[in-house]
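Reader: I am new to this kind of model and would like to learn how its features are read. Could you take me through them, one after another?

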Amino acid sequence: MQDVVFFFSEHLILSAFWFFFLISSLFLIIKSISLKDKFIGNIQAIKLINQKNAVVIDTRSEEIFKRGYIVNSIHFPLKNILLGNLKEIEAYKAFPIILILSDMNECTNCMKEFLKYGFNNVYFLNNGIYYWTLDNLPLITKDK
């Protein structure tokens, strides 16, 4: 035990880096575990839509949204979510929300905003529309 204390006292900077990376690793592990339950596949999404009247919110750009979207989905730009402008969709608070993101790196930020406004049942469609189309599930397309 004395050797450990001696090592830390002699190598203060190295010890500080070690503790920083340890805490960072633990934080990232806990974060990934807590968000893992929020990613759902196509089958789970269909069950939520059919059995619990889940609302699908598509955050992709208007141009990409018009190329193909899930039936009855609502187009709501990602920037509105990240800016905290959720008043337009507050009516859906009681329903499960399925988010379709084009940038999966924004999951954490989206979840923070939804939780801040009292949305508790928010899920992310795993791999977005890409896997939806690979499974030959229906999309609505607007003809020009």
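Author: Let us begin with accessibility: a residue is called buried under 20% relative accessible area, exposed over 50%, and partly exposed in between, with a 1.4 Å probe and protein chains only. By that scale glutamate 62 is partly exposed, because its relative accessible area is 40%, and of the 144 residues of the protein chain, 31% count as buried. Please keep in mind that this is a predicted model, in which local features need pLDDT of at least 70 and side-chain atom pairs count only at pLDDT 80 or more, while totals for chains, interfaces and linings use all residues. Residues are numbered from 1 along each chain as its sequence is written, and side-chain values use heavy atoms, with hydrogens and water left out.

Reader: How many helices and strands does the protein chain have?

Author: Helices (H or I, at least four residues) and strands (E, at least two) are DSSP runs, numbered from the N terminus. Here there are seven helices and five strands, and from the N terminus on they follow the order α-α-β-α-β-α-β-α-β-α-β-α.

Reader: What radius of gyration does the protein chain have, beside that of a compact globule?

Author: The radius is taken over C-alpha atoms, and the globule rule is 2.2 Å times the number of residues to the power 0.38. For 144 residues a compact globule would come near 15 Å, but the protein chain has 21 Å, and its C-alpha trace spans about 75 × 35 × 30 Å along the principal axes.

Reader: Which residues does the UniProt annotation "transmembrane region" cover?

Author: UniProt positions are given in the numbering used here, with feature names shortened, and annotations may be inferred rather than shown by experiment. According to the unreviewed entry, that annotation covers residues 12-30; in the model this span is 100% helix and 0% strand, with its end C-alpha atoms 27 Å apart. The record also lists residues 50-141 as "domain: Rhodanese", a span that is 34% helix and 15% strand.

Reader: Which residues form a nonpolar patch on the surface?

Author: Patches are made of residues with over 30% relative accessible area and no salt bridge, where like charges are joined within 9 Å and nonpolar side chains (Val, Leu, Ile, Met, Phe, Trp, Tyr) within 5 Å. Accessible areas come from the Shrake-Rupley method, and for residues only the protein chains shown count as cover. In this case Trp18, Phe19, Leu22, Ile23, Leu26 and Ile29 form the patch, with about 600 Å² of accessible area together. Tryptophan 18 is found in helix H2 (residues 12-36) and is partly exposed at 48%.

Reader: How many salt bridges does a search of the whole structure find?

Author: A salt bridge is a side-chain nitrogen of Lys or Arg within 4 Å of a carboxyl oxygen of Asp or Glu. The search finds five, including one between glutamate 62 and lysine 66, whose closest N and O atoms are 3.8 Å apart. Another pairs glutamate 113 with lysine 116 at 3.3 Å, N to O; glutamate 113 is buried at 11%, whereas lysine 116 is exposed at 60%.

Reader: Where is asparagine 53 found?

Author: Asparagine 53 is found in the loop between helix H3 (42-52) and strand E2 (55-58), and has a positive phi of about 55° although it is not a glycine.

Terms used
Accessible areas come from the Shrake-Rupley method with a 1.4 Å probe; for residues, only the protein chains shown count as cover.
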